[in-house]
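Thanks for asking me to look this one over. My notes follow as numbered points, with the cut-offs given as each term comes up.

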Amino acid sequence: MTARILLAGFSADIAEWLEQRFAGISVPHARTGTEAMDALNEASLLVLDHRLKDPSALKVLRTIRRRHPSVATPVLFCLEKKYRKRLEGTLVDELGVNRLIFHPLDKDELAQEVAALAGIAGEDGTEARRERTARVIAAVWERNKLTIFEEVGVIEKAVASLSEGGVEDGLRRKAQAEAHKLAGSVGTFGFAGGSRIAREIEQIFKDSLRLDESRSLRLTELVVQLRDELGQPPARRPS
Amino acid sequence: MNRSILIVDDDEHIREIAQLTLEALAGWTVATAGSGREGIARAHALPPDAILLDVQMPEMDGPTTVGRLKASDTTRHIPVVLLTAKVLEEDKRGFEELGIDGIISKPFDPMTLADQISNALGWA
């Protein structure tokens, strides 16, 4: 059965990070106390942030305990350290919080507690880690592809100048540097062909004295191929 | 075993993907630097178990950075693995003369990066 970890408060990227950290779990994110109470059904674990509002995390807990006394969903509570003395007894003894962690949030500690409380520690084996890493690589690609296409744009600009009669040396060197970066990076994201194309572009720009018409045409072809290649989904297992 | 690695590369994409995969797959502690100068400063402040160092960087390239690291009593013992897009054997031989401990080609496979570093350093 898929573990469902309800994350109430925090930022949405923490929920995304937890989903990437563990294979086969879902982490719905509640931005407010009301959303948390509405989404509590079927949660394997409730992770509450003391900073939650509308209503507060404490109010959410009291309401859950009053309205649903038989619900045994474990609760992990992230408390502001300065309130520890004042609230620890209430949270643990009165409101049944299973574990406390403290702000500033340590994501690894959060993951450890989530794994233990939701019983998913055993799923964090080698294959799960590889799955998770593949998802992380795909997410990093999605986050970075705009800047990578900007690097391709610099090469396109240099190639366009070249086909219009000549490229200024500064732009040529910049395009060569961008091609070098792309040759080293896009294969890591799963675009082995993209790395090969970028390397050929780098080599052509490097030899500035031989940037004749035939090389200009070859560059035009290569830059189109590069954009096409990077427009495809990356290979699942980067090469 | 928990290891600490310092990644020095001017390409932020490479730094991010190497850091994430080494942390997630190997459980290593990873610090990063965007230039040779920053890498040297970090290595002095908190010497890591090994440094993964890009060859071609603006301002201070990988070989120069290795030279500075090997010239300092604080950092000369730290093993260095070079990360390079250069594939020619003569380039590789030149790098080996710097006293480095291994060479990993770019683009690397993030799934096996930790294994490649471990193999180069005899950490297996």
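1. Ile201(A) touches Ile155(A), Ala179(A), Leu219(A), Leu222(A), Val223(A) and Leu226(A), leaving aside residues up to four places away in sequence; contact here means heavy atoms within 4.5 Å. Ile201(A) is also one of the residues that touch the most other members of the largest nonpolar core, which has 54 residues. Others in that group include Ile155(A) and Leu230(A), together with Ile5(B) and Leu22(B). Such a core is a set of buried Ala, Val, Leu, Ile, Met, Phe, Trp, Tyr and Cys residues joined through side-chain atoms within 4.5 Å. Buried stands for under 20% relative accessible area, exposed for over 50%, and partly exposed for anything in between (1.4 Å probe, protein chains only).

2. Which element gives the most to this core? That is helix α6 of chain A (residues 126-163), with 13 residues. Helices (H or I, at least four residues) and strands (E, at least two) are DSSP runs, numbered from the N terminus. Apart from this core lies another, of 23 residues, among them Ala36(A), Leu48(A), Leu58(A) and Leu61(A).

3. A word on the basis: this is a predicted model, in which local features need pLDDT of at least 70 and side-chain atom pairs count only at pLDDT 80 or more, while totals for chains, interfaces and linings use all residues. Residues are numbered from 1 along each chain as its sequence is written, chains are lettered from A and ligands numbered from 1 in the order in which they are written, and side-chain values use heavy atoms, with hydrogens and water left out.

4. Now to the contact between the chains. Chain B brings 17 residues and chain A 26 residues. Together they bury about 2,000 Å², 62% of it on carbon and sulfur atoms; this is the accessible area (1.4 Å probe) that two parts lose on being put together, summed over both. On the chain B side, His13(B), Pro107(B) and Met111(B) lose the most area to chain A, together 32% of what that side buries.

5. How many salt bridges are counted between chain B and chain A? The count is one: Glu16(B) pairs with Arg143(A), with the closest N and O atoms 2.1 Å apart. The term requires a side-chain nitrogen of Lys or Arg within 4 Å of a carboxyl oxygen of Asp or Glu.

6. Thr21(B) sits in helix α1 of chain B (residues 12-26) and is buried, at a relative accessible area of 2%. Thr21(B) touches Thr133(A) and Ile137(A) as well as Ala26(B) and Pro110(B), not counting residues up to four places away in sequence. A polar atom of the Thr21(B) side chain lies 3.2 Å from the backbone oxygen of Ala18(B).

7. Please look at the backbone of chain A too. Most residues other than glycine have a negative phi, and most peptide bonds are trans. The bond from Asp54(A) to Pro55(A) is cis, with omega near -15 degrees, and Asp54(A) itself has a positive phi near 60 degrees. Asp54(A) lies in the loop between β4 and α3 and is exposed, at 56%. Another cis peptide bond joins His103(A) and Pro104(A), with omega about 0 degrees.

8. Is Phe10(A) buried or exposed? Phe10(A) counts as buried, at 16% relative accessibility. Its phi is positive, about 55 degrees, although Phe10(A) is not a glycine, and its place is the loop between β1 (3-8) and α1 (12-21) of chain A.

Note on methods
Polar contact = N/O pair within 3.5 Å; in protein donor to acceptor, adjacent residues only side chain to side chain.
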